[in-house]
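These notes are meant for someone opening this structure for the first time. Please keep the sequence and the model in view while reading the numbered points.

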Amino acid sequence: SILLDVEKIRKDFPILSLTVNGKPLVYLDNAATSQKPNSVIKAIEHYYTHQNSNIHRGVHFLSQRATEAYEVSRKKVAKFINAAHDHECLFTKGTTDGINLVAFSYGKQFVKPGDTIIISAMEHHSNIVPWQILCEDRGANLKVIPINEKGELLIEEYKKLLNEDNNVKLVSVCWISNSLGTVNPVKEIIALAHEKGIPVLLDAAQAVQHVAVDVQDLDVDFLAFSGHKLYGPTGSGILYGKEKWLNQMPPYQGGGDMIKHVTFAKTTYNELPFKFEAGTPNIEAGICISAGLDYLNELGIEAVAQYEHELLEYVTAKLQEIPGLRVIGTADQKASVVSFIVEGTHPSDIGVLLDKMGIAVRTGHHCTQPLMEFFGIPGTVRASLAFCNTKQEMDQLVDGVKRAVAMLV
Ligand code: PMP
């Protein structure tokens, strides 16, 4: 790539020089979790050697230093997604935690018996199950936007669902599918819902590391993502929520930090964002999530997106030349994921053989069982790419799949 010096970038990721089963590691499981650059690893070490202390409650030096770092990180996150206010960015454990927060809290305030929540056929279990739990609890209905054989949302069907009843309370869909790589037309999805005054949550777990995010331009109401897929630490995540919604929503959990005043008779709650941040958080992860963002910002998300797209087109075309191989998810708009099955083979057998060659892919249903059912398959082999992958690694994958198939068929 003329925009990215990938060989130089790879040196920033110490884990990429490991060998696996005697072969150089080819890491193609970036959608499950990304690897971490040295700057993030150093930030974690720096936290424990220079900053470690509990936040928000201490008068002493270290507590103030940790609090400052935590709040600076929140500011960086807000800037990264262009939030209007820092306090609209809540620290969470990850995407799953963020979606559960909205399902519980927004659900408690706004969802009544007979109401409707809309999701889509390509959702991750973490954007299905919280809504099922809510709907069961409230006597509400869960409706699903169907998809076509290419793995694209049927927007006409979505419009019908929006207009079918006047009780739709929320639309919650993924921006980019973790199993298919489909990039959904989220701006249109949001605009259509807003025509009817319905808020939208975007599961951005697979989006923030691949496309530029501007929550104000999207006018999205809630957006959830995970730090560990964004070159940051595990246990870090962000739920963005528009102030107007968060102010109307009750706390998700009760405990320290989220209170203004407690008596046994009644407790009053803290202001945003603290109302939603009960208990000692993962301070290290909250601080270091922005080290991942800094790294990505330095490369530039546009350059990253373009390079990853080139890799995806290249590897998809090569894979499709393999007899009996079927790519699952052939949407016109895709990012960084190629999922496939090969006639006469089981995905996990291919995965095990690739591992022997040092190639890490994911196999199975990828936490999207209803989607696998739609395609009539038990699972796929999924290669998920990042900017630290190379064309040579794409060739190694294609060659590895050919060798695996030759052994299995
Ligand atoms: N949604 C999507 C689309 C995902 O890919 C994932 C992670 N596989 C999640 C949600 C859940 O993220 P986490 O496990 O970090 O909470």
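1. The largest nonpolar core has 120 residues, and those that touch the most other members are Leu 202, Ala 204, Leu 223, Tyr 240, Val 315 and Leu 397. A nonpolar core here is a set of buried Ala, Val, Leu, Ile, Met, Phe, Trp, Tyr and Cys residues joined through C-beta atoms within 7 Å. A residue is buried if 20 or more other C-beta atoms lie within 10 Å of its own, exposed if 12 or fewer, and partly exposed in between, with C-beta atoms placed from the backbone. Helix 10 (residues 283-299) gives the most to this core, with 9 residues. Because domain 1 (6-30 + 300-408) and domain 2 (41-297) both give residues to this core, it lies between them; the domain bounds come from an automatic or database domain assignment.

2. The model is predicted, so local features need pLDDT of at least 70 and side-chain atom pairs count only at pLDDT 80 or more, whereas totals for chains, interfaces and linings use all residues. Residues are numbered from 1 along each chain as its sequence is written. Helices (H or I, at least four residues) and strands (E, at least two) are DSSP runs, numbered from the N terminus.

3. In strand 8 (residues 200-203), Val 200 and Leu 202 point one way and Leu 201 and Asp 203 the other way, and all are buried. Strand 7 (residues 168-174) runs parallel to strand 8 and is joined to it by 4 bridges, with Val 171 having Val 200 as its bridge partner; two strands pair if DSSP finds at least two bridges between them. From strand 7 the chain passes through helix 7 (residues 186-195) to strand 8 in a right-handed β-α-β crossover, a term used if, with the strands pointing away from the viewer, the path from the first strand over the helix to the second runs clockwise. Strand 8 also pairs with strand 9 (residues 222-226) in the parallel sense over 3 bridges, where Leu 202 has Leu 223 as its partner.

4. Strand 5 (residues 116-120) is mostly covered, with 5 of its 5 residues buried. Thr 116, Ile 118 and Ser 120 point one way from this strand, while Ile 117 and Ile 119 point the other way. Strand 5 pairs with strand 6 (residues 141-145) in the parallel sense over 5 bridges, and Thr 116 stands opposite Asn 141 in strand 6. The chain reaches strand 6 from strand 5 through helix 5 (residues 129-138), and this β-α-β crossover is right-handed. Strand 5 is also joined to strand 7 by 3 bridges, in a parallel arrangement, with Leu 170 as the bridge partner of Ile 117.

5. Which residues are closest to the ligand? They are Gly 94, Thr 96, Asn 178, Ala 205 and Ser 226, among the 14 residues that surround the ligand, where a residue is near a molecule or strand if its C-beta atom, placed from the backbone, lies within 6 Å of it. By class, this shell has 4 nonpolar, 9 polar and 1 charged residues; Ala, Val, Leu, Ile, Met, Phe, Trp, Tyr, Cys and Pro count as nonpolar, Asp, Glu, Lys and Arg as charged, and the others, Gly among them, as polar.
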